[in-house]
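Here are my notes on the model, point by point. Please keep the structure open while reading.

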Number of protein chains: 2
Amino acid sequence: MHENFMKIALDEAKRAADIDEVPVGAVIVKDGIIISQAFNTRESSKDATAHSEITAIKKACEALGGWRLIDCEMYVTLEPCLMCSGAILQSRIEKLYIGAMDPKAGAAGSVINVFEDYWFHHKCEVYTGILQEECSSILKEFFKKKR
Amino acid sequence: MHENFMKIALDEAKRAADIDEVPVGAVIVKDGIIISQAFNTRESSKDATAHSEITAIKKACEALGGWRLIDCEMYVTLEPCLMCSGAILQSRIEKLYIGAMDPKAGAAGSVINVFEDYWFHHKCEVYTGILQEECSSILKEFFKKKR
C-alpha cells in the first residue's frame, strides 16, 4: 500500500523532471484515497514556497474545505525541508512517509528532526525508506544531467 | 525607519483582526521600498499555509518575477513559526525584523532558533523588539475577546 502511494509521488517527481524542476513529488491520502498530489515547481512558478509538499497541502485544504488535514497522510519522495516540515505540522498531517533522505537540508532527521523532538505542539509520525532507491535515483539522474 | 515599516505590518495585522483572524501582519521591503504586504488568513482562506509571512513571500516573488528575494527584508509583527522561518530561509530574505516574540511556537529564538544555529545553508540576520508592545497588545486584545 505504502509503495503504491509512493509510486504516485514518484510519478509527480517525474513530471517535475520533465519541466526541468528538481524532481520531488508529494501525495496526500485520507482514508485510503488520494486527495491531492503535486510536484515541485519553484523555478517555473517563480515562487520560493512552491515545493511539492506546500502545493499538495494547499490542494488538500481546498479538497477538504478547511485547513486542518486531520487523519491525513503524506507521501513525499524526498525528506522535507524546514519550511515543508513546518507546514506538515501546521496542517496537522498525522503520518509522513519519506522516500529518500536529504543530508543537506532535511528536517526530519538529517539536519534536524522537528518531528521527533517535542519542541512543537503538534505531532506527526514519520516513516522513512519507502522506495528509497527509486526516489534517490531520479534526483541523482537529474543532477547528473545538470553537470 | 524600522518602526515605520513595522507600523505598516501592524496595519496588516489589524486587517486580520477585523475579519476574526489571529492578527499577524508582514511586510517585505527592497531598497527601502515596500514590495509586498500581507496578513494572516488561515481561517478565511481555509489554507494551513496562509500565514502572513508565506503570503507576503509569494507576493514578493510575484513582484520581483523570481523566487530569490535577494536584498529583501521582512518586517513581521510576531516571531515566525517553523514553516514561515523555513520559507524565509528558502526565499533568501536577508534581514528579518520581529515585533513580539512567540514563546509557544516561535522558531527565531523562542522554541528553537533556526536562524542562529548554523544547520542550514542560508543565513538571515534577525532583529527583535521592533514596536514589541504594540505588536503584542493587538494579539492580547484579540485573544481576550475570544474568551
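1. A:D20 counts as partly exposed, at 46% relative accessibility. The cut-offs are: buried under 20% relative accessible area, exposed over 50%, partly exposed in between (1.4 Å probe, protein chains only). A:D20 sits in the loop between α1 (2–18) and β1 (25–30) of chain A. Helices (H or I, at least four residues) and strands (E, at least two) are DSSP runs, numbered from the N terminus. Phi of A:D20 is near 65 degrees, a positive value in a residue other than glycine. Most residues other than glycine have a negative phi.

2. A word on conventions. This is a predicted model, where local features need pLDDT of at least 70 and side-chain atom pairs count only at pLDDT 80 or more, while totals for chains, interfaces and linings use all residues. Residues are numbered from 1 along each chain as its sequence is written, chains are lettered from A and ligands numbered from 1 in the order in which they are written, and side-chain values use heavy atoms, with hydrogens and water left out.

3. The corresponding position in the second chain is worth a look. B:D20 lies in the loop between α1 (2–18) and β1 (25–30) of chain B. B:D20 is partly exposed, with a relative accessible area of 45%. Setting aside residues up to four places away in sequence, B:D20 touches B:F142 and B:K146. Contact here means heavy atoms within 4.5 Å. B:D20 and B:K146 are 126 residues apart along the chain, yet their C-alpha atoms are separated by 9.4 Å.

4. A:L131 also has a positive phi, near 50 degrees, and is a residue other than glycine. A:L131 belongs to the loop between β5 and α4 (132–146) of chain A. Is A:L131 buried or exposed? A:L131 is buried, with a relative accessible area of 9%.

5. At 16% relative accessibility, A:N113 counts as buried. A polar atom of its side chain lies 2.9 Å from the backbone nitrogen of A:F115. The A:N113 side chain also reaches the backbone nitrogen of A:E116, at 3.0 Å.

6. Now the interface. In chain B, 30 residues are in contact with 30 residues of chain A. The two chains bury about 2700 Å² between them, 68% of it on carbon and sulfur atoms. Buried area is the accessible area (1.4 Å probe) that two parts lose on being put together, summed over both.

7. How many salt bridges join chain B and chain A? The count is two. The rule asks for a side-chain nitrogen of Lys or Arg within 4 Å of a carboxyl oxygen of Asp or Glu. A:D47 and B:K58 meet in a salt bridge through their side chains (2.7 Å, N to O).

8. Across the interface of chain B and chain A, eight residue pairs are in polar contact, both residues at pLDDT 80 or more. A polar contact is a pair of N or O atoms within 3.5 Å; within protein, one must be able to donate a hydrogen and the other to accept it, and residues adjacent in sequence count only if both atoms are side-chain atoms. On the side of chain B that touches chain A, the elements giving two or more residues are α2 (52–64) and α3 (82–90) of chain B. The largest share, six residues, comes from α3(B). By class, this side of chain B has 16 nonpolar, seven polar and seven charged residues.

9. At 10% relative accessibility, A:D47 counts as buried. Leaving aside neighbours within four places in sequence, A:D47 is in contact with A:R42, B:K58, B:C61 and B:W67.

10. B:S91 is found in the loop between α3 and β4 (95–100) of chain B. B:S91 counts as buried, at 0% relative accessibility. Beyond four places in sequence, the contacts of B:S91 are A:A48, B:I57, B:W67, B:R68 and B:L69.

11. Last, symmetry. A rotation of 180 degrees with 0.0 Å of shift along its axis superposes chain B on chain A (RMSD 0.0 Å). The two copies are thus related as by a two-fold rotation axis. In chain B, the C-alpha nearest the axis is that of B:M83, 2.1 Å from it. The same surface serves both copies: 100% of the contact residues of chain B recur in chain A.

Note on methods. Nonpolar A, V, L, I, M, F, W, Y, C, P; charged D, E, K, R; others polar. Least-squares fit on C-alpha atoms with pLDDT ≥ 70 in both.
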